[in-house]
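Here is a short tour of the model you are about to see.

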Amino acid sequence: MRPKIYLFGDSITEQSFADGGWGASLTNHFSRTADVVLRGYSGYNTRWALKVMEKVFPVAAGGGAPLAVTVFFGANDASLPDRSSGFQHVPLDEYKLNLLAIVAFLKKQWPSTRIILIAPPPIDEDARLLYPYVDNPSGLPERTNEAAGRYAQECVAVAAECGVPAINLCEKMQQLPGWKKAYLCDGLHLTQSGNKFVFGEVIKRLSEEQISLETLPADLPLISELDTNDPLKSFEKI
């Protein structure tokens, strides 16, 4: 069996297997060395994610420990409690505790698995007013960039406390002039460029954790490795 890389998160993860998505790009990148497994749940926050951890990653599951798990939550937790998506809101202190619990569960389940925390992206508040997910009678954005930044910082702090790597998308994306239109299609979810950016950051962190095409063998002989005079001979060693 090929080793696995799990992607665990909300809609930004669930949508990542779409054409040009960062998850689809990971699948293509590791096509002969590892299986990328999608576990994205649109609309979920860390409170709900923690509630379903044993369902998503059952203790009795076979196949061995995955190479890595990305944990990408916070965009919904950071919804403002008094706005239209307030039912998704998780207070910042609880968000921290939930992330700590998620990491602890994964470490207990698979001590050798690399865990990468991905902080929520920045928010284009004007675009959020143009693309509301539910009725918004207040006329105010249900998310703000300021709130997203606080949750992103907390995510990075949790990663440091747990000794695992983190990707601070909220900070990194805003370093590009024109990031709102370049990276976000509706003020929150990713454009093709945004997906490419996330893919690059994840590949970088995986490589730093010694997970790359250079460190992972192909699961079967490559065409370039076959003896053109006797191709079947290459399979005798399998």
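The largest nonpolar core has 63 residues, and those with the most contacts inside it are Trp22, Leu26, Phe57, Leu106 and Leu117. Helix 7 (residues 145-162) gives this core its largest share, seven residues. A nonpolar core here is a set of buried Ala, Val, Leu, Ile, Met, Phe, Trp, Tyr and Cys residues joined through side-chain atoms within 4.5 Å.

A word on the ground rules: this is a predicted model, in which local features need pLDDT of at least 70 and side-chain atom pairs count only at pLDDT 80 or more, while totals for chains, interfaces and linings use all residues. Residues are numbered from 1 along each chain as its sequence is written, and side-chain values use heavy atoms, with hydrogens and water left out.

Which residues does Leu106 touch, leaving aside its neighbours within four places in sequence? They are Met53, Phe57, Val69, Val71 and Ile115, where contact means heavy atoms within 4.5 Å.

Two other residues are worth a visit. Phe8 lies in strand 1 (residues 4-9), and Ser85 sits in the loop between strand 3 (68-72) and helix 5 (92-109). Is each of them buried or exposed? Phe8 is buried because its relative accessible area is 0%, and Ser85 counts as buried because its relative accessibility is 2%. The cut-offs are under 20% relative accessible area for buried and over 50% for exposed, with partly exposed in between (1.4 Å probe, protein chains only).

Not counting residues up to four places away in sequence, Ser85 touches Ser79, Leu80, Val134, Glu142 and Arg143. Phe8, for its part, is 115 residues from Ile123 in sequence and 21 Å from Ile123 in space, C-alpha to C-alpha.

Stepping back, the chain has ten helices and five strands, taken as DSSP runs (helices H or I, at least four residues; strands E, at least two) and numbered from the N terminus. Some whole-chain values follow.

| Property of the chain | Value |
|---|---|
| Span of the C-alpha trace along its principal axes | about 75 × 35 × 30 Å |
| Buried share of the 238 residues | 48% |
| Share of contacts with a separation of 6 or more that join residues 24 or more positions apart | 77% |

With 238 residues, a compact globule would have a radius of gyration near 18 Å, and the chain's 19 Å agrees with that. This radius is taken over C-alpha atoms, and the globule rule is 2.2 Å times the number of residues to the power 0.38.
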